[in-house]
Amino acid sequence: MQSILMVIGVFVFGLMIGSFLNVVIYRIPNGESIAFPASHCQSCHTPLKWYHNIPLLSWLVLGGKCAFCKAPISRQYPLVELITGLLLVMLYFKLGLVWYLPFVFASFAALFALVMIDFKYYAVPDSVNFFALAMALVQPDFLQAGINAALAALSLFLLGKGVSVIAKKEAMGSADVIVAGTMAALLGFPNFFVALFLAAILAIIPSLLAKDTMVPFVPFLALGTFIVYLFDEQTAALLQWIIYG
Ligand SMILES: [Zn+2]
């Protein structure tokens, strides 16, 4: 019973952070403050009452419409809240209540915000990107995490430079280099490469479906990282099997 209450508590906390992520996703790309003004309707700009701002529930109770002007409220709000809540629950199941759980969660939550911003605006803001990296470095073996991050970022930077010289165009953005640092800090080696490989495979599908449009890569990096993070033991066993049979 106690453990169910714990999971519910963890989920609700995740929902609240998801609510905050919505603010980040909407305001950071527009250069707005994430603290002021208070939440308001995007359509009629009426400030929301606290009970209009309850994650998931308010959207459901209001039927996805503004309480004042009845303008539709994007499904993105409850969706981001729900995914963030589940994100925290999965990390809680993976790690338990360790002291660095909030930092790992903050890193993945920031990556998730980056994913949404990349989808919506084709942009990857440095502030959110560096926040994800900083949070990924807060863990028991922070020295190793820092070395891993530096190694991954440097090798991706050099790889990008090399490809750019050969292809005669910019191959890798600085944003990808920072994301690589976050990935390596969270995963270590060789799992960093597994996540990179997984991201490349996942990215092929939409690239084939939408030949002309640019497919943002950060979402696949983030997804690959999360999957390998959750299944790190299975990944290690799989690598063992591939290398040693
Ligand atoms: Zn409104």
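This is a predicted model: local features need pLDDT of at least 70, side-chain atom pairs count only at pLDDT 80 or more; totals for chains, interfaces and linings use all residues.

1. Residues are numbered from 1 along each chain as its sequence is written.

2. The chain holds ten helices and zero strands (DSSP runs, numbered from the N terminus: H or I of at least four residues for helices, E of at least two for strands). Its radius of gyration is 19 Å, close to the 18 Å from the globule rule for 245 residues, so the chain is as compact as a globular protein of that length (taken over C-alpha atoms; the rule is 2.2 Å times the number of residues to the power 0.38).

3. Domain 1 covers 1-97 and domain 2 covers 103-245, with bounds from an automatic or database domain assignment. Their C-alpha centres lie 26 Å apart.

4. Where do the domains meet? In domain 1, 15 residues are in contact with 14 residues of domain 2 (C-beta atoms, placed from the backbone, within 7 Å). On the domain 1 side, α1 (2-27) and α3 (76-95) each give two or more residues, and α3 has the largest share, nine residues.

5. In helix α9 (residues 218-230), the buried residues include Phe220, Leu221 and Val228 (20 or more other C-beta atoms, placed from the backbone, within 10 Å of a residue's own). The buried residues of α9 pack against α4, α7, α8 and α10.

Notes. The expected span of a helix is 1.5 Å times one less than its number of residues. A residue is buried if 20 or more other C-beta atoms lie within 10 Å of its own, exposed if 12 or fewer, and partly exposed in between; C-beta atoms are placed from the backbone. Two residues are in contact if their C-beta atoms, placed from the backbone, lie within 7 Å.
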